[in-house]
Amino acid sequence: MAFQNGRVMFEDFFPTMIEKLGAEGFVKELCNGFRLLMDEDKGVITFESLKRSSDLLGLQGLSDEEVTCMLKEGDLDGDGNLNEMEFCTLMFRLSPALMQSSNELLKEALNKNGDV
């Protein structure tokens with residue numbers, strides 16, 4: 001983790017993880033990360049569980065507003081929490097390298113089918 005212009009910047013290790021673990025292993029690790037952050041009673045990542053776990057992420061002292069923003073970023077169904085699919089989707093979206101490679105794969109697939 002580094003700071004740039006006063007903002008927290010994360011190094012994107014996901015492509016390396018996929019290379020070393022394979023796609024299945026990578027998804028398994030994402031799911032392990034979800035379980036680490038989730039509220040065990042509710043089975044989702046809640047405001048409280050994320051706030052409690054912020055130290056594990058190296059994000060000590062996050063404000064309530066920052067935690068809320070993190071949840072909103074991935075909350076696709078609007079319930080204020082992150083289920084496992086929302087969490088994994090968010091993690092994928094936050095990786096520039098994965099988004100670029102998936103975009104390239106999509107374009108390649110569409111070109112092969114003559115759709116582009």
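The legends below describe several close-up views of a predicted model.

In this predicted model, local features need pLDDT of at least 70, side-chain atom pairs count only at pLDDT 80 or more, and totals for chains, interfaces and linings use all residues. Residues are numbered from 1 along each chain as its sequence is written, and side-chain values use heavy atoms, with hydrogens and water left out.

**Figure 1. Overview of the elements of the protein chain.**
The protein chain holds five helices and two strands. Helices (H or I, at least four residues) and strands (E, at least two) are DSSP runs, numbered from the N terminus. Read from the N terminus, the order of the elements is β-β-α-α-α-α-α. The chain has 116 residues, of which 27% count as buried. Buried means under 20% relative accessible area, exposed means over 50%, and partly exposed lies in between (1.4 Å probe, protein chains only). Of the contacts (heavy atoms within 4.5 Å) between residues at least 6 apart in sequence, 36% join residues at least 24 apart.

Helix α1 spans residues 14-37 and has 24 residues. Its end C-alpha atoms are only 18 Å apart, short of the 34 Å that a straight helix would reach at 1.5 Å a residue. The expected span is 1.5 Å times one less than the number of residues. A kink of about 115 degrees is centred on Gly 22; the bend at a residue is the angle between axes fitted to the seven residues ending there and the seven starting there. The buried residues of α1 are Phe 14, Gly 25, Phe 26, Leu 30, Cys 31, Phe 34 and Leu 37. An α-helix has 3.6 residues a turn, so residues three or four places apart point the same way.

Glu 86 lies in helix α4, which covers residues 84-93. Glu 86 is buried yet has no salt bridge, a term for a side-chain nitrogen of Lys or Arg within 4 Å of a carboxyl oxygen of Asp or Glu. The nearest side chain of opposite charge belongs to Arg 93, 8.9 Å away; Lys and Arg count as positive and Asp and Glu as negative, while His and the chain ends are not counted. A polar atom of the Glu 86 side chain lies 3.0 Å from the backbone nitrogen of Asp 77. Apart from neighbours within four places in sequence, Glu 86 is in contact with Gly 74, Asp 75, Leu 76, Asp 77 and Asn 81.

**Figure 2. The salt bridge between Glu 84 and Arg 35.**
A search of the whole structure finds three salt bridges. In one of them, the closest N and O atoms of Glu 84 and Arg 35 are 3.6 Å apart. This pair links distant parts of the chain, with Glu 84 in helix α4 and Arg 35 in helix α1, 49 residues apart. Glu 84 is partly exposed at 32% relative accessible area, and Arg 35 is partly exposed at 41%.

**Figure 3. The salt bridge between Lys 51 and Asp 64.**
The side chains of Lys 51 and Asp 64 meet at 2.9 Å, N to O. Lys 51 lies in helix α2 (residues 47-53) and Asp 64 in helix α3 (residues 64-74), so the pair ties together parts 13 residues apart in sequence. Lys 51 is partly exposed at 29% relative accessibility, as is Asp 64 at 45%.

**Figure 4. The salt bridge between Arg 93 and Glu 73.**
The closest N and O atoms of Arg 93 and Glu 73 are 3.0 Å apart. Arg 93 in helix α4 and Glu 73 in helix α3 are 20 residues apart, and the pair links distant parts of the chain. Arg 93 is partly exposed, with a relative accessible area of 34%; Glu 73 counts as partly exposed at 42%.

Notes
A polar contact is a pair of N or O atoms within 3.5 Å; within protein, one must be able to donate a hydrogen and the other to accept it, and residues adjacent in sequence count only if both atoms are side-chain atoms.
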